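This report describes one protein model, part by part. Please keep the sequence and the structure in view while reading.

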Amino acid sequence: MLRGVGDMNHVKSKYIYLFFVITVLTTLVILGCSSRPNEAPVPQKPTINEEIQNQEPREEQEPIEKESDKDVSPPEADNPLESGNDPLESLEPTQPLPPASLSPALKSPIPILYYHSIDYEEGNELRVPPEEFEAHMEHLSQNGYESVTLDDLYQYFYAGKDLPEKAFVLTFDDGYEDNYIHAFPIAEKYGYSGTVFVVTEWIGGKGYLNRQQLLEMNQAGWQIESHTVTHPYLDSISTEQIKEELLTSKEVLEELLGKPKVAFAYPYGVYDSSIIELCRETGYKMGLTIDRGWAGPEDPFRMKRVYCYAQMGLDEFRRRVENANY
Ligand SMILES: [Zn+2]
(Lines give C-alpha, C1' and ligand atoms only; values in the text may rest on other atoms or scores of the structure.)
Protein backbone atom coordinates (compact mmCIF):
# COMPACT_ATOMS: atom_id res chain seq x y z
CA MET A 1 0.00 0.00 0.00
CA LEU A 2 2.70 2.23 1.13
CA ARG A 3 4.52 1.39 -2.05
CA GLY A 4 1.31 2.04 -3.90
CA VAL A 5 0.90 5.36 -2.16
CA GLY A 6 4.58 5.93 -2.65
CA ASP A 7 4.13 5.16 -6.37
CA MET A 8 1.18 7.49 -6.49
CA ASN A 9 3.24 10.22 -4.85
CA HIS A 10 6.06 9.52 -7.21
CA VAL A 11 3.71 9.93 -10.21
CA LYS A 12 2.26 13.13 -8.72
CA SER A 13 5.71 14.59 -8.16
CA LYS A 14 6.54 13.72 -11.79
CA TYR A 15 3.47 15.72 -12.96
CA ILE A 16 4.39 18.57 -10.63
CA TYR A 17 7.92 18.49 -11.98
CA LEU A 18 6.67 18.44 -15.57
CA PHE A 19 4.21 21.25 -14.82
CA PHE A 20 7.05 23.23 -13.26
CA VAL A 21 9.32 22.65 -16.25
CA ILE A 22 6.54 23.61 -18.71
CA THR A 23 5.72 26.70 -16.67
CA VAL A 24 9.37 27.76 -16.61
CA LEU A 25 9.78 27.09 -20.33
CA THR A 26 6.58 28.97 -21.15
CA THR A 27 7.72 31.88 -19.02
CA LEU A 28 11.07 31.88 -20.77
CA VAL A 29 9.36 31.77 -24.17
CA ILE A 30 7.06 34.66 -23.20
CA LEU A 31 10.01 36.62 -21.83
CA GLY A 32 11.90 35.84 -24.99
CA CYS A 33 9.05 37.14 -27.13
CA SER A 34 8.52 40.22 -25.07
CA SER A 35 12.23 41.00 -25.17
CA ARG A 36 12.26 41.14 -29.00
CA PRO A 37 10.42 44.44 -29.25
CA ASN A 38 13.14 45.87 -26.98
CA GLU A 39 15.69 44.71 -29.49
CA ALA A 40 13.67 46.16 -32.33
CA PRO A 41 15.51 49.56 -32.29
CA VAL A 42 18.67 47.73 -33.27
CA PRO A 43 17.41 46.90 -36.73
CA GLN A 44 15.82 50.39 -36.82
CA LYS A 45 19.17 52.10 -36.34
CA PRO A 46 20.39 51.22 -39.83
CA THR A 47 17.15 52.75 -41.09
CA ILE A 48 18.05 56.06 -39.41
CA ASN A 49 21.56 55.72 -40.78
CA GLU A 50 20.09 55.19 -44.20
CA GLU A 51 18.17 58.45 -43.83
CA ILE A 52 21.34 60.25 -42.84
CA GLN A 53 23.13 58.66 -45.74
CA ASN A 54 20.29 59.72 -47.99
CA GLN A 55 20.78 63.32 -46.90
CA GLU A 56 24.48 63.37 -47.68
CA PRO A 57 24.05 63.08 -51.43
CA ARG A 58 21.65 66.03 -51.17
CA GLU A 59 24.43 68.07 -49.54
CA GLU A 60 26.75 67.12 -52.35
CA GLN A 61 24.17 68.13 -54.92
CA GLU A 62 23.76 71.60 -53.52
CA PRO A 63 27.01 73.03 -54.88
CA ILE A 64 25.84 71.83 -58.30
CA GLU A 65 22.60 73.72 -57.79
CA LYS A 66 24.60 76.75 -56.72
CA GLU A 67 26.71 76.53 -59.85
CA SER A 68 23.61 76.54 -61.95
CA ASP A 69 22.40 79.53 -59.90
CA LYS A 70 25.65 81.25 -60.77
CA ASP A 71 24.99 80.65 -64.43
CA VAL A 72 21.66 82.34 -64.03
CA SER A 73 22.98 85.05 -61.72
CA PRO A 74 24.31 87.56 -64.30
CA PRO A 75 20.78 88.75 -65.21
CA GLU A 76 20.06 89.05 -61.46
CA ALA A 77 23.23 90.98 -60.73
CA ASP A 78 21.21 93.96 -59.49
CA ASN A 79 19.48 91.75 -56.95
CA PRO A 80 22.30 90.42 -54.78
CA LEU A 81 19.91 89.78 -51.91
CA GLU A 82 17.59 87.70 -54.08
CA SER A 83 20.40 85.59 -55.43
CA GLY A 84 21.60 85.19 -51.84
CA ASN A 85 18.21 83.83 -50.81
CA ASP A 86 18.32 80.87 -53.17
CA PRO A 87 21.26 79.16 -51.46
CA LEU A 88 19.64 79.85 -48.08
CA GLU A 89 16.46 78.03 -49.07
CA SER A 90 18.22 75.09 -50.66
CA LEU A 91 20.64 74.77 -47.76
CA GLU A 92 18.08 74.64 -44.94
CA PRO A 93 18.60 70.95 -44.12
CA THR A 94 22.40 71.21 -43.98
CA GLN A 95 23.81 73.98 -41.87
CA PRO A 96 27.59 73.57 -42.32
CA LEU A 97 27.69 74.84 -45.94
CA PRO A 98 25.93 78.23 -45.92
CA PRO A 99 28.58 80.58 -44.43
CA ALA A 100 31.30 79.73 -46.97
CA SER A 101 29.00 79.56 -49.95
CA LEU A 102 26.96 82.62 -49.06
CA SER A 103 29.72 85.12 -48.46
CA PRO A 104 30.49 85.83 -52.14
CA ALA A 105 26.80 85.92 -53.05
CA LEU A 106 26.16 88.70 -50.54
CA LYS A 107 28.78 91.00 -52.07
CA SER A 108 26.97 93.74 -53.93
CA PRO A 109 28.08 94.41 -57.50
CA ILE A 110 30.11 97.57 -58.05
CA PRO A 111 30.17 99.77 -61.18
CA ILE A 112 33.53 99.84 -62.96
CA LEU A 113 33.32 102.81 -65.34
CA TYR A 114 35.43 102.65 -68.45
CA TYR A 115 36.55 105.46 -70.69
CA HIS A 116 39.15 105.74 -73.41
CA SER A 117 40.25 109.23 -74.40
CA ILE A 118 39.23 112.43 -72.57
CA ASP A 119 39.57 114.93 -75.38
CA TYR A 120 37.76 116.56 -78.27
CA GLU A 121 36.97 114.86 -81.54
CA GLU A 122 33.59 115.35 -83.10
CA GLY A 123 31.87 112.15 -84.09
CA ASN A 124 34.20 109.86 -82.10
CA GLU A 125 32.34 108.63 -79.06
CA LEU A 126 35.55 107.16 -77.60
CA ARG A 127 36.81 110.70 -77.01
CA VAL A 128 34.79 112.21 -74.17
CA PRO A 129 35.20 116.02 -74.01
CA PRO A 130 36.80 117.07 -70.70
CA GLU A 131 33.68 119.09 -69.77
CA GLU A 132 31.50 116.01 -70.13
CA PHE A 133 33.94 113.92 -68.13
CA GLU A 134 33.96 116.58 -65.44
CA ALA A 135 30.14 116.62 -65.38
CA HIS A 136 30.25 112.87 -64.69
CA MET A 137 32.76 113.29 -61.86
CA GLU A 138 30.83 116.21 -60.42
CA HIS A 139 27.62 114.19 -60.44
CA LEU A 140 29.34 111.34 -58.60
CA SER A 141 30.85 113.69 -56.07
CA GLN A 142 27.60 115.53 -55.40
CA ASN A 143 25.84 112.23 -54.85
CA GLY A 144 28.28 110.79 -52.35
CA TYR A 145 30.16 108.33 -54.57
CA GLU A 146 33.72 107.37 -53.62
CA SER A 147 36.29 105.89 -55.98
CA VAL A 148 38.07 102.69 -54.97
CA THR A 149 40.96 100.98 -56.72
CA LEU A 150 40.82 97.64 -58.50
CA ASP A 151 42.92 96.23 -55.66
CA ASP A 152 40.26 97.43 -53.21
CA LEU A 153 37.58 95.79 -55.32
CA TYR A 154 39.45 92.49 -55.42
CA GLN A 155 39.96 92.59 -51.64
CA TYR A 156 36.27 93.36 -51.18
CA PHE A 157 35.06 90.46 -53.29
CA TYR A 158 37.55 87.84 -52.16
CA ALA A 159 39.24 88.90 -48.89
CA GLY A 160 36.54 90.49 -46.74
CA LYS A 161 37.55 94.14 -47.15
CA ASP A 162 34.83 96.75 -46.65
CA LEU A 163 34.04 99.36 -49.28
CA PRO A 164 32.22 102.68 -48.99
CA GLU A 165 28.47 102.38 -49.50
CA LYS A 166 28.57 104.12 -52.90
CA ALA A 167 31.81 102.83 -54.34
CA PHE A 168 32.84 102.87 -57.99
CA VAL A 169 36.00 102.11 -59.97
CA LEU A 170 37.27 104.46 -62.67
CA THR A 171 39.19 102.92 -65.58
CA PHE A 172 40.68 104.08 -68.89
CA ASP A 173 41.74 101.81 -71.75
CA ASP A 174 44.68 102.18 -74.18
CA GLY A 175 46.78 104.77 -72.27
CA TYR A 176 46.01 108.04 -74.07
CA GLU A 177 48.11 111.02 -73.07
CA ASP A 178 44.95 113.03 -72.44
CA ASN A 179 44.29 110.74 -69.47
CA TYR A 180 47.20 112.58 -67.83
CA ILE A 181 46.41 116.02 -69.30
CA HIS A 182 42.64 116.07 -68.69
CA ALA A 183 41.30 113.08 -66.74
CA PHE A 184 43.96 112.99 -64.04
CA PRO A 185 43.54 116.61 -62.79
CA ILE A 186 39.74 116.52 -63.08
CA ALA A 187 39.49 113.26 -61.12
CA GLU A 188 41.96 114.59 -58.52
CA LYS A 189 39.79 117.70 -58.11
CA TYR A 190 36.99 115.45 -56.82
CA GLY A 191 39.32 113.25 -54.79
CA TYR A 192 39.09 110.36 -57.25
CA SER A 193 41.75 108.07 -58.66
CA GLY A 194 41.58 105.49 -61.41
CA THR A 195 43.29 102.72 -63.32
CA VAL A 196 44.85 103.07 -66.77
CA PHE A 197 45.21 99.95 -68.91
CA VAL A 198 48.18 100.65 -71.15
CA VAL A 199 49.44 99.00 -74.31
CA THR A 200 53.12 98.80 -73.47
CA GLU A 201 54.43 99.20 -77.03
CA TRP A 202 52.50 102.47 -77.30
CA ILE A 203 54.07 104.03 -74.17
CA GLY A 204 55.74 107.31 -75.15
CA GLY A 205 54.23 107.25 -78.63
CA LYS A 206 52.46 110.28 -80.09
CA GLY A 207 49.22 110.84 -78.20
CA TYR A 208 50.00 108.17 -75.60
CA LEU A 209 51.22 108.35 -72.00
CA ASN A 210 54.97 108.36 -71.50
CA ARG A 211 56.93 106.73 -68.70
CA GLN A 212 57.18 109.91 -66.64
CA GLN A 213 53.43 110.52 -66.77
CA LEU A 214 52.73 106.92 -65.80
CA LEU A 215 55.11 107.20 -62.84
CA GLU A 216 53.50 110.44 -61.69
CA MET A 217 49.97 109.07 -61.87
CA ASN A 218 51.06 105.88 -60.13
CA GLN A 219 52.67 107.88 -57.32
CA ALA A 220 49.39 109.79 -56.90
CA GLY A 221 47.57 106.51 -56.25
CA TRP A 222 46.49 105.57 -59.76
CA GLN A 223 46.89 101.95 -60.85
CA ILE A 224 48.63 101.24 -64.14
CA GLU A 225 47.76 97.80 -65.51
CA SER A 226 48.19 95.78 -68.69
CA HIS A 227 46.25 95.99 -71.94
CA THR A 228 48.81 93.81 -73.83
CA VAL A 229 51.92 94.79 -75.78
CA THR A 230 50.35 95.45 -79.20
CA HIS A 231 46.55 95.45 -78.68
CA PRO A 232 45.76 92.37 -80.82
CA TYR A 233 42.54 90.39 -81.09
CA LEU A 234 43.55 87.63 -78.68
CA ASP A 235 41.38 85.06 -80.46
CA SER A 236 43.28 85.51 -83.72
CA ILE A 237 46.84 84.84 -82.48
CA SER A 238 48.59 81.70 -81.27
CA THR A 239 48.73 80.53 -77.66
CA GLU A 240 52.44 81.38 -77.56
CA GLN A 241 51.70 84.89 -78.85
CA ILE A 242 48.96 85.40 -76.25
CA LYS A 243 51.40 84.34 -73.50
CA GLU A 244 53.97 86.74 -74.90
CA GLU A 245 51.44 89.62 -74.91
CA LEU A 246 50.42 88.84 -71.32
CA LEU A 247 53.88 88.25 -69.88
CA THR A 248 55.91 90.94 -71.63
CA SER A 249 53.42 93.74 -70.91
CA LYS A 250 53.32 92.63 -67.28
CA GLU A 251 57.11 92.60 -66.99
CA VAL A 252 57.53 96.00 -68.67
CA LEU A 253 55.06 97.62 -66.26
CA GLU A 254 56.46 95.88 -63.20
CA GLU A 255 59.95 97.04 -64.11
CA LEU A 256 58.79 100.61 -64.71
CA LEU A 257 56.60 100.94 -61.62
CA GLY A 258 58.18 98.45 -59.22
CA LYS A 259 54.85 96.86 -58.31
CA PRO A 260 53.28 93.54 -59.25
CA LYS A 261 50.67 93.82 -62.00
CA VAL A 262 47.48 91.91 -61.30
CA ALA A 263 44.78 93.20 -63.64
CA PHE A 264 44.36 92.79 -67.36
CA ALA A 265 41.85 94.39 -69.75
CA TYR A 266 41.01 92.28 -72.81
CA PRO A 267 41.61 94.29 -76.03
CA TYR A 268 38.29 94.75 -77.87
CA GLY A 269 36.72 92.86 -74.98
CA VAL A 270 37.72 89.57 -76.62
CA TYR A 271 38.16 86.65 -74.23
CA ASP A 272 37.26 82.99 -73.83
CA SER A 273 38.02 80.25 -71.32
CA SER A 274 41.44 79.43 -72.82
CA ILE A 275 42.47 83.11 -72.78
CA ILE A 276 41.32 83.31 -69.14
CA GLU A 277 43.41 80.23 -68.32
CA LEU A 278 46.48 81.90 -69.88
CA CYS A 279 45.82 85.04 -67.79
CA ARG A 280 45.81 82.87 -64.67
CA GLU A 281 48.94 81.02 -65.74
CA THR A 282 50.84 84.24 -66.32
CA GLY A 283 50.03 85.60 -62.87
CA TYR A 284 47.03 87.89 -63.32
CA LYS A 285 44.24 87.88 -60.75
CA MET A 286 41.57 89.86 -62.62
CA GLY A 287 40.36 90.16 -66.21
CA LEU A 288 38.24 93.15 -67.21
CA THR A 289 35.79 92.74 -70.04
CA ILE A 290 33.63 95.24 -71.88
CA ASP A 291 30.52 93.20 -71.08
CA ARG A 292 27.68 95.43 -70.04
CA GLY A 293 26.81 95.75 -66.35
CA TRP A 294 28.34 96.11 -62.90
CA ALA A 295 31.12 93.84 -61.68
CA GLY A 296 30.16 91.06 -59.30
CA PRO A 297 32.21 88.46 -57.42
CA GLU A 298 31.11 85.54 -59.63
CA ASP A 299 34.31 85.40 -61.70
CA PRO A 300 37.39 87.65 -61.31
CA PHE A 301 38.25 87.08 -64.99
CA ARG A 302 34.86 88.15 -66.31
CA MET A 303 34.49 91.55 -64.66
CA LYS A 304 31.80 93.57 -66.41
CA ARG A 305 32.20 97.30 -66.96
CA VAL A 306 30.06 100.35 -67.54
CA TYR A 307 30.80 101.96 -70.90
CA CYS A 308 31.04 105.75 -70.76
CA TYR A 309 31.10 107.60 -74.10
CA ALA A 310 30.89 111.06 -75.60
CA GLN A 311 27.48 112.74 -75.54
CA MET A 312 25.90 109.95 -73.54
CA GLY A 313 24.25 112.69 -71.48
CA LEU A 314 24.04 112.97 -67.73
CA ASP A 315 20.70 111.13 -67.56
CA GLU A 316 22.17 108.09 -69.27
CA PHE A 317 25.33 108.29 -67.15
CA ARG A 318 23.19 108.46 -64.05
CA ARG A 319 21.05 105.52 -65.18
CA ARG A 320 24.17 103.40 -65.64
CA VAL A 321 25.66 104.19 -62.24
CA GLU A 322 22.35 103.61 -60.47
CA ASN A 323 21.30 100.31 -62.06
CA ALA A 324 23.47 97.20 -62.05
CA ASN A 325 21.58 95.92 -65.10
CA TYR A 326 21.10 99.21 -66.95
ZN1 LIG B 1 41.81 98.90 -75.99
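## Strand β4 and its partners

In this predicted model, strand β3 (residues 167–174) pairs with β4 in the parallel sense, over four bridges. Within that pairing, phenylalanine 172 has valine 196 in β4 as its bridge partner. β4 also pairs with strand β5 (residues 223–226), again in the parallel sense and over four bridges. Here valine 198 has serine 226 in β5 as its bridge partner.

β3, helix α7 (residues 178–189) and β4 form a right-handed β-α-β unit. β4, helix α8 (residues 211–219) and β5 form a right-handed β-α-β unit as well.

## Side chains of β4

Which way do the residues of strand β4 (residues 195–198) point? Thr195 and Phe197 point one way, while Val196 and Val198 point the other way. In a regular strand, side chains alternate between the two faces of the sheet. Thr195, Val196, Phe197 and Val198 are all buried.

## The nonpolar core

The largest nonpolar core has 55 residues. Ile112, Leu113, Val169 and Val196 touch the most other members of this core.

Leaving aside neighbours within four places in sequence, leucine 113 is in contact with Phe168, Val169, Leu170, Thr171, Val306 and Cys308.

Glutamate 131 is located in helix α5 (residues 130–142). Is glutamate 131 buried or exposed? Glutamate 131 counts as exposed because it has 11 C-beta neighbours inside 10 Å, and the cut-off for exposed is 12 or fewer.

Glutamate 131 and isoleucine 186 are 55 residues apart in sequence, but their C-alpha atoms are 9.4 Å apart in space.

## The whole chain

The protein chain has eleven helices and eight strands. Of its 326 residues, 30% count as buried. Among contacts between residues at least 6 apart in sequence, 63% join residues at least 24 apart.

## Confidence

The mean pLDDT of the protein chain is 78, and 68% of its residues reach 70 or more. Over residues 24–102 the pLDDT is below 50, and this stretch has 43 contacts in the model beyond near neighbours in sequence. Over residues 1–6 the pLDDT stays under 50, and the model has zero contacts beyond four places in sequence for these residues.

How values were computed:
Residues are numbered from 1 along each chain as its sequence is written. This is a predicted model: local features need pLDDT of at least 70, side-chain atom pairs count only at pLDDT 80 or more; totals for chains, interfaces and linings use all residues. A residue is buried if 20 or more other C-beta atoms lie within 10 Å of its own, exposed if 12 or fewer, and partly exposed in between; C-beta atoms are placed from the backbone. Helices (H or I, at least four residues) and strands (E, at least two) are DSSP runs, numbered from the N terminus. Two strands pair if DSSP finds at least two bridges between them. A crossover is right-handed if, with the strands pointing away from the viewer, the path from the first strand over the helix to the second runs clockwise. Two residues are in contact if their C-beta atoms, placed from the backbone, lie within 7 Å. A nonpolar core is a set of buried Ala, Val, Leu, Ile, Met, Phe, Trp, Tyr and Cys residues joined through C-beta atoms within 7 Å. pLDDT is the predictor's confidence in each residue, from 0 to 100.
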